[in-house]
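Trainee: I am new to this structure and would like to know what lies behind the terms used for it. Please take me through them one at a time.

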Amino acid sequence: MALDLNCIFCKIVTGDIPAQIVYRSDNVVAFDDITPQAPTHVLIIPTIHVENIGDLAQLSPTITADLFSVAKQIAAERGLSGFRNVLNTGEEAGQSVFHAHLHLIGGRSLAWPPG
Ligand code: 5GP
Ligand code: ZN
C-alpha cells in the first residue's frame, strides 16, 4: 500500500508527525533519528509504505538504490570520512519500525562487530 495510516514513518512523510527533514524527493525522505546513536544519525526511507528493505528491493530496485545514493550524498555534505549504513529486518534483528529505513550513522569511530 502507498501509505499506512498507523505507521509513524508514513506520518513523517505526510508531515503529520514532525521531524528534522534533511532530504526530500518524490521517492525518498531523510530525517534525523529521534534517538541519535552518533553525531550523524539519519534515517532514509521510501515515501511508499513497505515493511522492510527486502520487500522494497523486490518492489523497486530503483528506490532501493536511491536510499544508498542519498546516504552517500548526506555523508558527503557533512564531510564524514566514514559512515555506516544499517538495515534491520525483523524484531530479532532490532527492527522496531516496520517501514523500511536505512540508517546513516557517522561522526564518531564505530566498533565492529555490532551488538
Ligand atoms: P529500527 O530499530 O527499526 O532499525 O530503527 C527505528 C529507528 O527509528 C530508531 O533508531 C528510533 O530511534 C527511530 N524512531 C522511532 N520513532 C521515531 C520518531 O517518531 N521520529 C524519529 N525521527 N525517529 C524515530
Ligand atoms: Zn509507513
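Mentor: Start with strand pairing: two strands pair if DSSP finds at least two bridges between them. The model is predicted. In it, N85 stands opposite L104 in β5.

Trainee: What makes β4 and β5 a pair?

Mentor: Four bridges join β4 to β5, and the requirement is at least two. They therefore count as paired, and they run antiparallel.

Trainee: Which strand is joined to β5 by five bridges?

Mentor: That is β3, residues 40-46, which runs antiparallel to β5. Within this pairing, V42 has L104 as its bridge partner.

Trainee: How do you know that β1 and β2 are paired, and what do they form?

Mentor: Three bridges join β1 (residues 21-24) to β2 (residues 28-32), in antiparallel fashion. At least two are needed, so the two strands pair. Y23, for example, has A30 in β2 as its bridge partner. With three residues between them, β1 and β2 form a hairpin.

Trainee: Why is β5 called largely enclosed?

Mentor: Buried means under 20% relative accessible area. Five of the five residues of β5 are buried, so the rest of the structure largely encloses this strand. Both of its faces are covered: L102, L104 and G106 are buried on one side, H103 and I105 on the other.

Trainee: Which protein atoms are the donors of the zinc ion (ligand 2)?

Mentor: They are SG of C7, SG of C10, ND1 of H49 and ND1 of H99, at 2.1 to 2.3 Å from the ion. The cut-off for a donor is within 2.8 Å of the metal, so these atoms qualify. Along the chain their spacing is C-x2-C-x38-H-x49-H. C7 lies in the segment before α1 (8-14) and H99 in the loop between β4 (83-86) and β5 (102-106), so this pair ties together parts that are 92 residues apart in sequence.

Trainee: Are C7 and H99 buried or exposed?

Mentor: C7 has a relative accessible area of 7% and H99 has 0% relative accessibility. The limit is under 20%, so C7 is buried, and so is H99.

How values were computed: Residues numbered from 1 in each chain as written. Chains lettered and ligands numbered in written order. Predicted model: local features only at pLDDT ≥ 70, side-chain atom pairs only at ≥ 80, totals over all residues. Heavy atoms only, no water. Donors = N, O, S within 2.8 Å, 3.2 Å for Na, K, Ca; no water. Buried < 20%, exposed > 50% of the residue type's maximum accessible area, 1.4 Å probe, protein only.
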